[in-house]
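Work through the exercises below with the predicted model open beside the text. Try each task before reading its solution.

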Amino acid sequence: DDRGVKRLEDRLLIVPPSLDSEKFRTAVLSHPELPVDVKPHPLHRDNWAAEHVRVVDGELNELLPRYDVVVTGSPNAQIALAMLDQPYIRIRSSDSADWESESGGVAFDSLDEVLDRAVEPDWLRSMCARHLPDRQIPPDVSTESLLSAVTWALG
């Protein structure tokens, strides 16, 4: 339920994957013209300070719905976005390079490809898609199966 949640406008949320955190940081810092929010991986929170970067914190399920455009290569963020039925822009990463794309969306090879065109909001929104195949969502995290999984575990 996202009633009362204020959506943030005019900023991308970037959720770097753990293994490619340095690549994502380099790309973000090389685009000072683009104001972004970053939800760094908990193990890689250092060295994001820049005038155009705002580091945000919070649980993914509460944070992600606040943004119109989320860019990520993080498998955890992709699962959360799929559960929220929220489209996003996927960057292939070392954490999930073999995940296939679906829904006609594009999986980009680098964050730079997206940031180079991020000043075009229509282009950004047109690149959003759901890239996580249903078979890659763990069975105990969907809305329908969570209750049965908890019941089974407590059973």
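**Exercise 1.** What percentage of the 155 residues of the protein chain count as buried?

Solution. A residue counts as buried under 20% relative accessible area. In the protein chain, 43% of the 155 residues count as buried. The accessible surface comes to about 8800 Å², and 51% of that surface belongs to carbon and sulfur atoms.

**Exercise 2.** Find the order of the strands in the sheet, and name the strands at its edges.

Solution. Start with the elements: the protein chain has six helices and six strands. From the N terminus they run β-α-β-β-α-β-α-β-β-α-α-α. The six strands form an open sheet with parallel pairing, in the order S3-S2-S1-S4-S5-S6. S3 and strand S6 (107-108) each have a single partner strand, so they stand at the edges and one side of each lacks a neighbour in the sheet.

**Exercise 3.** Describe how strand S1 pairs with strand S4, and which helices pack there.

Solution. S1 (residues 12-15) and S4 (residues 70-72) are joined in the parallel sense by three bridges. In one of these strands, S4, Val-70 is the bridge partner of Leu-13. Helix H1 (residues 21-29) packs on the sheet, where it touches S1, S2, S3 and strand S5 (89-91). The direction of H1 makes about 155 degrees with that of S1. Helix H3 (residues 75-83) lies across S1, S4 and S5, at about 140 degrees to S4.

**Exercise 4.** Is Lys-39 buried or exposed?

Solution. Lys-39 sits in the loop between strand S2 (36-38) and strand S3 (53-55). Its relative accessible area is 12%, so Lys-39 is buried. Leaving aside residues up to four places away in sequence, Lys-39 touches residues including Leu-13, Pro-16, Asp-57 and Leu-63.

Notes: Residues numbered from 1 in each chain as written. Predicted model: local features only at pLDDT ≥ 70, side-chain atom pairs only at ≥ 80, totals over all residues. Heavy atoms only, no water. Helix = DSSP H or I, 4+ residues; strand = E, 2+ residues; numbered from the N terminus. Buried < 20%, exposed > 50% of the residue type's maximum accessible area, 1.4 Å probe, protein only. Areas by Shrake-Rupley, 256 points an atom, 1.4 Å probe, with all protein chains shown as cover. Contact = heavy atoms within 4.5 Å. Pairing = 2+ DSSP bridges. Axes fitted to C-alpha atoms, helices over the stretch in contact; angles between N-to-C directions.
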